[in-house]
Amino acid sequence: MKLKNNKHIPLDKFIDLSLYHPQKGFYMKKNPIGKKGDFITSPNISILFSEMIAIWIVAFWENLNCPKKINIVELGGGNGEMLKQILSSSEKFPDFNKSCNFFIHEKSPFLVKIQKFRLGKSKVIWIKNFKRLNNCPTIFIANEFFDALPIKQFIKKKNKWYEKYVDLSDLNKLKFIKKSYKIENLKSKLKININNQNFIEYSPSVAIYLKKISKIILKNRGGLLIIDYGNFNSKMYDSLKIIQKHKIKKNLGKIGDSDITYDLNFNLIRKILTKFKLRIAGSTTQGNFLKKLGILQRAEIVAKNMIFSKKTDLYFRLKKLINKDEMGTIFKVVLATNKKNNFNLGFK
Ligand SMILES: C[S@@+](CC[C@H](N)C(=O)[O-])C[C@H]1O[C@@H](n2cnc3c(N)ncnc32)[C@H](O)[C@@H]1O
């Protein structure tokens with residue numbers, strides 16, 4: 001999309017521009033993850049997180065009767081940290097490791113470079129779409145992937161609906177505006193009951209991904225594990241966040257200088273996945289999920305021979321991942337599988 005020819009653009013187009021413009025986009029020109037970046041993700045807080053995901057994947061593979069070939073697809077690879085640790089844990093399970101095709105689906109060429117550097121000579125394959133996933137079971141892992149996809153917002157005021165746009169006439173003073181909107185268009189597109197809402201956040205890109213992923217899981221078995229900021233509320237609210245250097249900003253700033261994200265409404269995601277005939281096998285908080293997978297016991301083992309300062313650091317990081325009011329409850333975990341599958345480790 002060219003910047004100058006569009007004075008007003010819908011919020012999702014603006015987010016797409018801000019995050020993924022080939023030159024200016026937030027994700028296209030730097031590594032935003034880490035202390036020196038703008039935000040931090042669970043795999044970059046502690047290795048224990050990725051170890052738990054690895055164990056969970058191995059258990060899912062066993063539940064699928066140890067297929068000879070299985071695809072493990074990370075959606076949005078960030079700086080490659082999670083897959084690096086998953087690969088390393090997989091080596092402890094040689095039969096599983098032999099069966100695995102590991103993939104990263106990543107949009108940012110800048111981040112692909114970082115991922116390739118970090119993952120070295122591993123057997124990871126980078127994919128732009130899902131065509132290369134052949135007819136074998138596929139497990140998709142989406143840690144903070146869907147919250148990086150653009151959303152639309154619709155607001156109801158005095159019984160009339162409006163869509164949020166961004167006014168680009170002055171690129172140094174970007175501002176939100178509203179344009180009236182025929183909500184019937186969204187209703188006919190979604191085919192999901194959204195009648196009791198006064199505010200709607202909806203991502204067409206998320207819906208497209210969920211459709212593609214559901215088709216693959218229905219055909220070949222496997223599942224989709226989503227770990228993300230979000231809520232299970234039936235009422236939607238404005239959850240848009242503009243983040244720079246680990247702080248939430250009030251204004252839009254300049255194109256590409258901040259992360260623009262939101263809280264997933266897992267209630268809507270559940271409805272979309274159900275429409276695509278998947279089963280929601282489990283939904284819980286990140287803290288519960290990790291504890292059920294044994295993260296506390298793993299920490300105890302790892303900490304045994306550590307000096308005091310290292311032990312303190314390990315537990316400080318662990319708490320960030322599992323504590324209430326931190327990522328432990330702010331992040332939710334949802335698993336979708338086909339209806340014949342009964343796997344629900346981490347959710348029971
Ligand atoms: C918030 S980061 C999370 C990274 C990683 N999963 C982690 O936990 O550290 C979002 C990632 O998704 C990627 N991404 C966003 N939209 C994408 C798309 N449509 N296709 C592929 N990758 C995408 C971003 O470039 C980035 O690597």
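**Figure 1. Glu-144 in the loop between β5 and β6.** Glu-144 lies in the loop that links β5 (138–143) to β6; helices (H or I, at least four residues) and strands (E, at least two) are DSSP runs, numbered from the N terminus. The model is predicted, and local features need pLDDT of at least 70, side-chain atom pairs count only at pLDDT 80 or more, and totals for chains, interfaces and linings use all residues. Residues are numbered from 1 along each chain as its sequence is written, and side-chain values use heavy atoms, with hydrogens and water left out. Although Glu-144 is not a glycine, its phi is positive, at about 50°. Most residues other than glycine have a negative phi. Glu-144 is buried, with a relative accessible area of 13%; buried means under 20% relative accessible area, exposed over 50%, and partly exposed in between (1.4 Å probe, protein chains only).

**Figure 2. Lys-277 in the loop between α9 and β15.** Lys-277 is placed in the loop between α9 (266–275) and β15 (279–285). Phi of Lys-277 is near 75°, a positive value in a residue other than glycine. Lys-277 is exposed, and its relative accessible area is 53%.

**Figure 3. The surroundings of the ligand.** The ligand is surrounded by 22 residues, of which the closest are Tyr-20, Thr-41, Gly-76, Glu-106 and Asn-143; a residue counts as near a molecule if one of its heavy atoms lies within 4 Å of it. By residue class, this shell divides into 10 nonpolar, 8 polar and 4 charged residues. In this division, Ala, Val, Leu, Ile, Met, Phe, Trp, Tyr, Cys and Pro count as nonpolar, Asp, Glu, Lys and Arg as charged, and the others, Gly among them, as polar.

Figure 4. An oxygen atom of the ligand lies 2.6 Å from a polar side-chain atom of Thr-41. The side chain of His-105 has an N or O atom 3.4 Å from a nitrogen atom of the ligand. At Lys-107, a backbone N or O atom lies 3.0 Å from a nitrogen atom of the ligand. On its own the ligand has 590 Å² of accessible area, and the protein covers 97% of this area; accessible areas come from the Shrake-Rupley method with a 1.4 Å probe, and for residues only the protein chains shown count as cover.

**Figure 5. Strand β3 and its parallel partners.** Strand β3 (residues 100–105) is mostly covered, with 6 of its 6 residues buried. Cys-100, Phe-102 and Ile-104 are buried on one side, and Asn-101, Phe-103 and His-105 are buried on the other. Strand β2 (residues 70–75) pairs with β3 in the parallel sense over 6 bridges; two strands pair if DSSP finds at least two bridges between them. Within this pairing, Cys-100 in β3 is the bridge partner of Ile-70. Strand β4 (residues 125–127) also pairs with β3 in the parallel sense, over 3 bridges, and Ile-125 in β4 stands opposite Phe-103.

**Figure 6. Strand β7 and its antiparallel partners.** In strand β7 (residues 160–167), which is mostly covered, 7 of the 8 residues are buried. Strand β1 (residues 8–10) runs antiparallel to β7 and is joined to it by 3 bridges; His-8 stands opposite Asp-167 in β7. Strand β6 (residues 152–157) pairs with β7 in the antiparallel sense over 4 bridges, and Trp-161 in β7 is the bridge partner of Lys-156. A hairpin is formed by β6 and β7, with 2 residues between them, and Lys-158 in the turn has a positive phi of about 45°. Strand β8 (residues 175–180) pairs with β7 in the antiparallel sense over 6 bridges, with Lys-175 in β8 opposite Asp-167.

**Figure 7. The open sheet β12-β11-β13.** In this sheet, 3 strands are arranged in the order β12-β11-β13 with antiparallel pairing. Strands β12 (247–249) and β13 (259–261) are the edge strands, and each pairs on one side only. Strand β11 (residues 241–244) pairs with β12 over 3 bridges, and Ile-242 stands opposite Lys-249 in β12.

Terms used:
A polar contact is a pair of N or O atoms within 3.5 Å; within protein, one must be able to donate a hydrogen and the other to accept it, and residues adjacent in sequence count only if both atoms are side-chain atoms.
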